[in-house]
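Subject: Structure handover

Hello,

Please find the structure below, followed by notes on what was found in it.

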Amino acid sequence: MPADELRREYPELRSYDLVEVDVIDDGETLASVPDESVDFVVANHFIEHTEDPIATLGNHLRVVRPGGVLFMAVPDKRRTFDAARPVTSLEHLDRDHAEGPAWSHRVHYEQWAREVEQVPESQVAARARELDEQGFSIHFHVFTPAAFAELVHRCRDSYGLPVEVEALVPVDHEFIAVLRKRGQTAEFEAVATRHAAAPLAVRRAGA
Ligand SMILES: C[S@@+](CC[C@H](N)C(=O)[O-])C[C@H]1O[C@@H](n2cnc3c(N)ncnc32)[C@H](O)[C@@H]1O
């Protein structure tokens with residue numbers, strides 16, 4: 001969104017000096033961003049809003065150069081309003097990717113109405129329809145650090161994406177994920193291979 005729309009959408013940020021926006025695009029596809037054209041992508045509190053996280057990770061990796069970084073802050077569902085929702089399974093994410101996310105689209109709005117807004121069951125369908133018609137930006141999928149690490153490993157092992165988890169650090173209600181695109185230097189490949197061979201260490205903040 002351009003900065004003036006952002007100010008309207010988030011009136012609570014009115015007092016902040018928002019930077020002007022250079023690129024407006026669908027963050028799931030980044031179609032206007034050429035392959036291997038940037039050194040890093042920062043996407044904070046974004047991946048949980050995407051309907052096909054596997055495709056999104058693929059596109060974010062597509063635009064970074066080999067050796068580049070994806071930096072993401074992701075809400076830890078256990079510590080947010082998503083606490084009552086089940087962690088999104090890999091099978092669900094695989095199906096969203098294989099078939100497209102339309103099959104689960106309304107189901108997510110119903111889950112949001114039921115488990116986040118906690119509306120009575122009799123009102124769930126109507127509230128879900130209303131949110132969907134508004135295009136309300138919900139958390140379609142929800143993660144813990146371990147579930148997110150499994151997703152990244154699935155992307156690497158089943159979909160051939162050139163990615164390693166470099167750090168996964170829980171901080172309060174979120175976790176910071178630093179993902180590295182493989183394929184730059186022999187030195188990086190050696191480090192990546194060591195990481196891939198070792199069980200994933202989820203580092204504590206400040207450790
Ligand atoms: C929770 S906000 C996070 C905003 C900011 N990154 C931050 O950390 O404060 C999620 C933002 O992602 C945007 N968003 C959701 N899906 C998107 C998409 N497919 N493409 C671009 N932006 C999207 C929403 O409009 C919303 O502004």
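A residue is called buried if 20 or more other C-beta atoms lie within 10 Å of its own, exposed if 12 or fewer, and partly exposed in between, with C-beta atoms placed from the backbone. By that rule V19 is exposed, because 8 other C-beta atoms lie within 10 Å. Of the 207 residues of the protein chain, 27% count as buried.

Two notes on conventions. Residues are numbered from 1 along each chain as its sequence is written. This is a predicted model, in which local features need pLDDT of at least 70 and side-chain atom pairs count only at pLDDT 80 or more, while totals for chains, interfaces and linings use all residues.

Overall layout

Helices (H or I, at least four residues) and strands (E, at least two) are DSSP runs, numbered from the N terminus. The protein chain has seven helices and four strands, in the sequence pattern α-β-α-β-α-α-α-α-β-β-α. V19 sits in the loop between α1 (3-9) and β1 (38-42). Its C-alpha is 6.8 Å from that of A3, at a distance of 16 residues in sequence.

Two residues are in contact if their C-beta atoms, placed from the backbone, lie within 7 Å. Among contacts in the protein chain with a separation of 6 or more, 64% are between residues 24 or more positions apart.

The sheet

Strands of a sheet pair through backbone hydrogen bonds, either parallel or antiparallel. Here two strands pair if DSSP finds at least two bridges between them. The four strands form an open sheet with mixed pairing, in the order β1-β2-β4-β3. β1 and β3 (163-171) are at the edges with a single partner strand each, so one side of each has no neighbour in the sheet. Neighbouring strands are turned by 10° against each other on average, direction ignored.

The pairings are as follows:

- β1 and β2 (residues 64-75) are parallel over four bridges; V38 has V64 in β2 as its bridge partner.
- β2 and β4 are antiparallel over seven bridges; M72 stands opposite A177 in β4.
- β3 and β4 are antiparallel over eight bridges; V163 stands opposite K181 in β4.

β3 and β4 also form a hairpin with two residues between them, and D172 in the turn has a positive phi of about 55°.

Helix α6 (residues 145-159) lies across β2, β3 and β4 and runs at about 170° to β3. Axes are lines fitted to C-alpha atoms, for helices over the stretch in contact, and angles run from 0 to 180 degrees between N-to-C directions.

Helices α4 and α5

The axes of α4 (residues 102-116) and α5 (residues 121-134) come within 8 Å and cross at roughly 115°. On the α4 side the contact has R106, Y109, E110, W112, A113 and R114, which meet V124, A125, R127, A128, L131 and D132 in α5. These residues divide into seven nonpolar, no polar and five charged. Ala, Val, Leu, Ile, Met, Phe, Trp, Tyr, Cys and Pro count as nonpolar, Asp, Glu, Lys and Arg as charged, and the others, Gly among them, as polar.

The ligand

Which residues are around the ligand? They are D26, G27, E28, N44, H45, F46, H49 and S137, where near means a C-beta atom, placed from the backbone, within 6 Å of the molecule. By class, this shell has one nonpolar, five polar and two charged residues.

Regards
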